[in-house]
Amino acid sequence: MQRLIESAETAAEESLQQMYSCIRNRRHFKLEAGAGAGKTFSLVKGLQFIIDEQGIDLAKRFQRVACITYTNVATEEINTRTDSNPVVFASTIHGFCWSLIQNYQPFLWESLPTIDSKWEEMINEIEEKGKRKILYSTGRRRLTDTEAYLSHDDILPLMVLLLSKEKFRLNLVSKYPIIFIDEYQDTHKEFAEALVEYFVSPEVVTSTPLLGFFGDSWQKIYRIGVGSLTHPNLTEIRKHANFRSDSKIVETLNNMRPELPQVARNDADLGSVCIYHTNNWIGDRQNSGHWKGDLFPNDSHDALVLAKSRLTGVGWDFSSETSRILMLTHKVMASEQGYETLVNAFSNNDSLFNLENNHISYLVNTLLPALDSFEKGLYGKMFLALGSSAPKIKKAMDKVVWKDNFDALSELKEDGSVGDVLSFLKTMSPSILPDKISSLEDKLDSSGSDEISQSRSLNELQKLRDVPFKELIAFEKYINNHTPFSTKHGVKGAEFDNVLVVLGRGWNLYNWDQLFMWLHTTCPENKRDALERNRNLFYVACSRPKHHLAVLITQHLSDESLALLNQWFGHETVRSLY
């Protein structure tokens with residue numbers, strides 16, 4: 001029987017003491033911190049503990065603690081919260097790996113054909129087969145007479161290859177005797193597995209770095225990443241705290257996830273949760289494809305208006321930032337939000353709304369933030385948004401050229417199409433387009449109409465070019481304000497006073513009625529990945545609010561699904577909207 005923990009504060013302190021013990025005794029550990037637990041707080045406390053106890057000795061040996069993060073934003077946060085202590089090297093995973101592998105030039109050149117067939121083709125096409133210097137600056141693959149430029153996607157496969165070399169591993173541990181990995185669940189799967197194989201599995205730890213993994217397997221909402229991580233030599237520390245949400249929400253999260261029960265903070269209010277289902281709807285429902293069982297778009301919209309009205313009546317204010325709607329359904333608000341043509345360009349919306357489409361991911365996550373910073377005169381943030389593809393300013397004329405380019409892009413995004421912007425980006429020198437996008441653009445340009453019509457990806461790209469760029473801007477605002485995916489692209493650990501989660505069909509990867517049925521009964525073994533993906537996204541969405549949580553489900557639910565929701569949320573809170 002699990003011991004009763006009095007408060008979140010007590011739970012947090014206990015997890016810290018377990019982590020300190022692992023650090024002192026050089027035991028690899030994984031700190032599993034559920035939603036609202038304060039994962040980054042624990043990670044920073046671990047770094048400060050190392051600085052206090054080992055900082056002087058590390059500095060004398062010219063060694064550092066590596067802290068591998070998921071984003072540049074997270075890297076900045078770690079540096080700020082550790083006062084940029086020189087003993088700590090905080091970096092994105094690509095920056096960290098490149099800093100280690102860049103001096104192994106002969107190995108890198110010889111390995112290029114083995115990591116991607118594109119490299120094999122490029123190298124076979126050149127006349128002069130001599131070795132090139134390997135560089136990683138623009139993040140775009142290209143070969144010159146003397147140099148080979150790596151893309152973003154080349155770094156981790158090369159790192160994994162080098163980790164198999166004992167000499168490389170010894171060099172790594174001599175520089176970084178301790179390595180922390182933030183958001184471990186999103187870490188490149190092969191890289192994470194290599195760390196476990198070469199550093200966690202060996203029984204003798206004197207020749208390996210101490211590894212600390214921080215994250216939450218239930219907050220992996222993308223298909224990439226290692227997800228759960230377990231090993232007998234990896235001590236699991238569970239942080240049974242929730243400093244974000246009120247008691248009713250924490251109770252609901254515990255019902256969803258009994259293996260990691262959380263305790264609310266001492267001053268938490270009661271809060272509230274409620275479920276609105278639409279099973280009593282007497283009108284027609286959709287009956288085809290990924291939409292089967294859902295309300296028609298206009299009826300879904302009316303259901304949302306009614307739910308908002310009910311919640312407004314009990315004090316929610318949707319006109320302010322205190323209340324947020326997280327949409328886990330497609331097209332319901334697309335026309336109102338101003339991106340209907342964009343949605344219609346994709347036959348399967350998953351890659352669009354999950355930001356897994358290469359073009360959409362680049363335009364939303366890189367170009368638009370860079371342009372926004374440029375227009376505000378925040379040039380440092382602009383270069384940070386562009387990352388490794390940022391233009392290199394070596395002389396005064398370079399600054400004039402890139403300013404003219406970004407002035408032109410600012411005009412195009414207001415009046416041009418996505419194709420107009422892409423065409424201009426292709427003319428820029430040096431290019432800021434990632435290699436994957438340039439390759440796709442070249443393939444589309446060289447393809448005939450028959451080939452395009454027979455290829456879904458090329459057909460979608462052709463349609464995307466015709467979309468007004470303003471729709472992409474509207475879509476970006478929607479994504480960063482109304483979906484759980486925004487928590488990975490903006491402020492870490494996004495939270496709001498009140499959250500209304502809207503569940504519907506239309507996503508190939510997400511079928512909520514099926515999810516609830518599987519969780520209430522039994523899930524087929526070949527559907528475990530789908531179940532975890534559905535479950536994680538629902539958990540992330542439901543764990544955002546501080547005070548009040550409501551869920552609107554426009555899809556028809558089975559009796560088994562309703563039984564599970566009653567079990568999680570309580571019979572008195574699951575009610576019909578009609």
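The structure is a predicted model. It holds zero disulfides, and its helices α15 and α17 cross at roughly 110°.

**Helices α15 and α17**

- Helix α15, spanning residues 358–375, and helix α17, spanning residues 396–415, have axes that come within 10 Å and cross at roughly 110°; the two helices are therefore roughly perpendicular to each other, since angles of 65 to 115 degrees count as such.
- On the α15 side the contact involves Leu367, Ala370, Leu371, Phe374 and Glu375, and these meet Trp402, Lys403, Phe406, Asp407, Leu409, Ser410 and Lys413 of α17.
- By type, the residues of this contact between α15 and α17 divide into seven nonpolar, one polar and four charged.

**Serine 300 in helix α11**

- Serine 300 lies in helix α11, which covers residues 297–313, and it counts as buried because its relative accessibility is 3%, where buried means under 20%.
- The side chain of serine 300 reaches the backbone oxygen of leucine 295 at 3.5 Å.

**Cysteines**

- The structure holds zero disulfides, and cysteine 22 is accordingly in none, with the nearest cysteine sulfur, that of cysteine 67, 17 Å away.
- Cysteine 22 is buried, with a relative accessible area of 1%.
- For cysteine 523, the closest cysteine sulfur belongs to cysteine 542 and lies 19 Å away, which is too far for a bond, because a disulfide is a pair of cysteine sulfur atoms within 2.5 Å.
- Cysteine 523 also counts as buried, at 11% relative accessibility.

**Helix α23**

- In helix α23, residues 512–520, the buried residues are Trp512, Asp513, Leu515, Phe516 and Trp518.
- The elements that cover these buried residues of α23 include the strands β13 (323–328), β14 (496–503) and β15 (545–553), together with the helices α24 (528–542) and α25 (559–569).
- At the start of α23, a side-chain oxygen of asparagine 511 reaches to within 3.5 Å of the backbone nitrogen of aspartate 513, a residue that is itself among the buried ones of this helix.

- Aspartate 83 is placed in the loop between α3 (72–81) and β3 (88–92), and although it is not a glycine, it has a positive phi of about 55°.
- With a relative accessible area of 70%, aspartate 83 is exposed.
- Serine 84, also placed in the loop between α3 and β3, has a phi near 50°, a positive value in a residue other than glycine.
- Serine 84 counts as partly exposed, at 49% relative accessibility.

Definitions and conventions: Residues are numbered from 1 along each chain as its sequence is written. This is a predicted model: local features need pLDDT of at least 70, side-chain atom pairs count only at pLDDT 80 or more; totals for chains, interfaces and linings use all residues. Side-chain values use heavy atoms; hydrogens and water are left out. Axes are lines fitted to C-alpha atoms, for helices over the stretch in contact, and angles run from 0 to 180 degrees between N-to-C directions. Helices (H or I, at least four residues) and strands (E, at least two) are DSSP runs, numbered from the N terminus. Angles under 35 degrees count as roughly parallel, over 145 as roughly antiparallel, 65 to 115 as roughly perpendicular and the rest as oblique. Contact means heavy atoms within 4.5 Å. Ala, Val, Leu, Ile, Met, Phe, Trp, Tyr, Cys and Pro count as nonpolar, Asp, Glu, Lys and Arg as charged, and the others, Gly among them, as polar. Buried means under 20% relative accessible area, exposed over 50%, partly exposed in between (1.4 Å probe, protein chains only). A polar contact is a pair of N or O atoms within 3.5 Å; within protein, one must be able to donate a hydrogen and the other to accept it, and residues adjacent in sequence count only if both atoms are side-chain atoms.
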